[in-house]
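The briefing begins with a term and then moves from topic to topic.

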Amino acid sequence: QVQIVESGGGSVQAGGSLRLNCIVYGSSVPTGCFGWFRKAPGKERVGVARTGRRGPSYVDSVEGRFTISRDNAKNTVYLEMNSLKPEDTGMYFCASTGTPSCFPFTSKAWTHWGQGTQVTVSS
């Protein structure tokens with residue numbers, strides 16, 4: 001059984017920063033593949049960042065502003081978000097493939113999901 005618990009969301013002004021936390025139970029953060037996704041109001045869920053055996057990768061819209069990282073001792077995945085924009089607003093979800101292999105954000109291989117944490121960026 002895998003449980004994923006996100007936290008760290010909140011409301012910030014444009015240009016601000018937040019760090020999201022993804023605590024993983026029942027799966028290995030050091031050896032797994034983990035990603036962050038978001039669902040903006042009225043839009044479908046999309047991937048924004050992932051990390052696995054080949055390191056981190058990002059979608060173009062967050063490249064250079066967001067950083068995904070791991071704290072292996074805490075079995076936790078983080079998403080550091082800087083220079084936030086109103087269009088970053090949404091519910092952010094942490095997910096895992098359950099394997100060491102990463103897949104495209106749109107893959108059905110992302111099978112383990114947290115409940116989400118809300119991020120609101122105002123102008």
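Buried means under 20% relative accessible area, exposed means over 50%, and partly exposed lies in between, with a 1.4 Å probe and protein chains only. This is a predicted model, in which local features need pLDDT of at least 70 and side-chain atom pairs count only at pLDDT 80 or more, while totals for chains, interfaces and linings use all residues. Residues are numbered from 1 along each chain as its sequence is written, and side-chain values use heavy atoms, with hydrogens and water left out.

**Disulfides**

- A disulfide is a covalent bond between the sulfur atoms of two cysteines.
- Cys22 lies in strand E3 (residues 18-25) and Cys94 in strand E9 (residues 90-96), so the pair ties together parts that are 72 residues apart in sequence; strands (E, at least two residues) and helices (H or I, at least four) are DSSP runs, numbered from the N terminus.
- Cys33 and Cys102 form a disulfide with their sulfur atoms 1.8 Å apart, and this link is right-handed, with 100 degrees about the S-S bond.
- Cys33 is buried, with a relative accessible area of 0%, whereas Cys102 is partly exposed, at 30%.

**Aromatic rings**

- The structure holds three aromatic pairs, where rings of Phe, Tyr and Trp (its six-membered ring) pair if their centres lie within 6.5 Å, and planes under 30 degrees apart count as stacked, over 60 as edge-to-face and the rest as tilted.
- The rings of Phe37 and Trp110 have centres 5.2 Å apart and planes at 75 degrees, so the pair is edge-to-face.
- Phe37 is buried, with a relative accessible area of 2%, and the rings of Phe37 and Trp113 have centres 4.7 Å apart and planes at 55 degrees, so that pair is tilted.
- Ring pairs link Phe37, Phe105, Trp110 and Trp113 into a cluster.

**Surroundings of Asn75**

- Asn75 is placed in the loop between strand E7 (66-71) and strand E8 (76-81), and Asn75 is buried, with a relative accessible area of 18%.
- Leaving aside neighbours within four places in sequence, Asn75 is in contact (heavy atoms within 4.5 Å) with residues including Cys22, Ser27 and Pro30.

Key:
Disulfide = S-S within 2.5 Å.
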